[in-house]
Amino acid sequence: MNFIFSFKTIYSLLFSAFLLLVCGCSKNVTMTRLVPAPVTVPSHIQKIVLVDRTKPQSEGLAILEGIITGELPFEVRNAVQATLSSLQMSLNSSPRFQIIRANERLPGGIFGQMFPNPLDWYTVEQLANRYDADAVLTLENFSSDFIITDQQRLIKKTVTEGKTTRQIEVQGWYVEGVANVSAGFRLYDPKDRNIVDQQRFEKKNLWSAEGETKAQALALLITKADAARAVGEMAGAGYATKIAPMYAEINRGFFPKSKTDPAVSKGARLAEVDQWEHAIETWKAALPGVDEKSGGMLAYNIGVGYEVLGSLDLAKEWAGRAYTDFGLKKGRNYTRTLNGLLQQQALLNQQMEKQDY
């Protein structure tokens, strides 16, 4: 798989590095935090059954669709199964839901681009009851394509002359394959007889290969079937993040040292070995009589310490003090960040709340 870095990404990385140099905030701590989903699912939904609804309405339509899209039936079926497996695995990585796969494969959308009419509520209720589930999540339609482009250009070739190995440039072929997947999902709530969410989720990915001949390059390129499965997995995992809170890594920088107060670096060393309570005590003890610049660093670091320990309210208090008491502008920005995290936490608490029966 190729990783392509855009100019925007490179600029962002360089700008972040510049900020670290300017502010002297070069040490980082990584925290794992459960973040809320964009879609809030009702709290009475705890167990979900996944259903494949991509079965063609008839064999004739399946053949026609294959002629139009160039997709073989087994390719579509395998990509669909990969999408559902990835969706199930990703949802199971969240503490929000219990997930089960249905054995049935139901008729669904035509040509993969149109949402079919919703399932009738009798069918939804029957599925939910059969699997003892609170909701039914269906893959309603699925389509994929794989476009290959090629061009002649100089490629690198490794040659061996005696005991010496070197690279030379020769005329060859460079090929690219771009896979696109479009998957439509619906989440049915049989209790309230409501469609909680309906989304078409699209993903794409690019692969490349090169060889001295076009045939060699194409032989090294990922196959259409494998590409469809890979991008289907991306679509399934991507949709899971829309409805389920997921764990995410958050990096936070803190000040490693001060020219005038050794307590900043002493506390930073404690933080590096995960002794955050002792680090906070060290930073707090140094505050009386400290100069303004070091005081801002100390207060800011205390805020980071409390965030690491999970006390967002205390983290916000100390980030605010870094700005109000010591004039550290970075503390003001950090306070705004923490305000957003507190709002996220309130939403997360709502999404993780379990309804009493």
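## A salt-bridge tour

Start by selecting K157, which comes out as partly exposed because its relative accessibility is 30%, between the 20% and 50% cut-offs. Keep in mind as you go that this is a predicted model.

The side chains of K157 and E212 form a salt bridge, with N to O at 3.1 Å. Colour the chain by secondary structure and you'll find K157 in strand 4 (residues 135-161), while E212 sits in the loop between strand 6 (194-211) and helix 5 (214-220), so this pair ties together parts 55 residues apart in sequence. E212 is partly exposed too, at a relative accessible area of 37%.

Next stop: R130 and E104. Show both side chains and look for the salt bridge, 2.6 Å from N to O. This one links distant parts of the chain, with R130 in helix 4 (residues 121-130) and E104 in strand 3 (residues 98-107), 26 residues apart. R130 has 48% relative accessibility and counts as partly exposed; E104, at 23%, is also partly exposed.

Then jump to D325 and R321. Their closest N and O atoms are 3.0 Å apart, in another salt bridge. Both ends are partly exposed: D325 has a relative accessible area of 41%, and R321 has 28%.

Technical notes. Residues are numbered from 1 along each chain as its sequence is written. This is a predicted model: local features need pLDDT of at least 70, side-chain atom pairs count only at pLDDT 80 or more; totals for chains, interfaces and linings use all residues. Side-chain values use heavy atoms; hydrogens and water are left out. A salt bridge is a side-chain nitrogen of Lys or Arg within 4 Å of a carboxyl oxygen of Asp or Glu. Helices (H or I, at least four residues) and strands (E, at least two) are DSSP runs, numbered from the N terminus. Buried means under 20% relative accessible area, exposed over 50%, partly exposed in between (1.4 Å probe, protein chains only).
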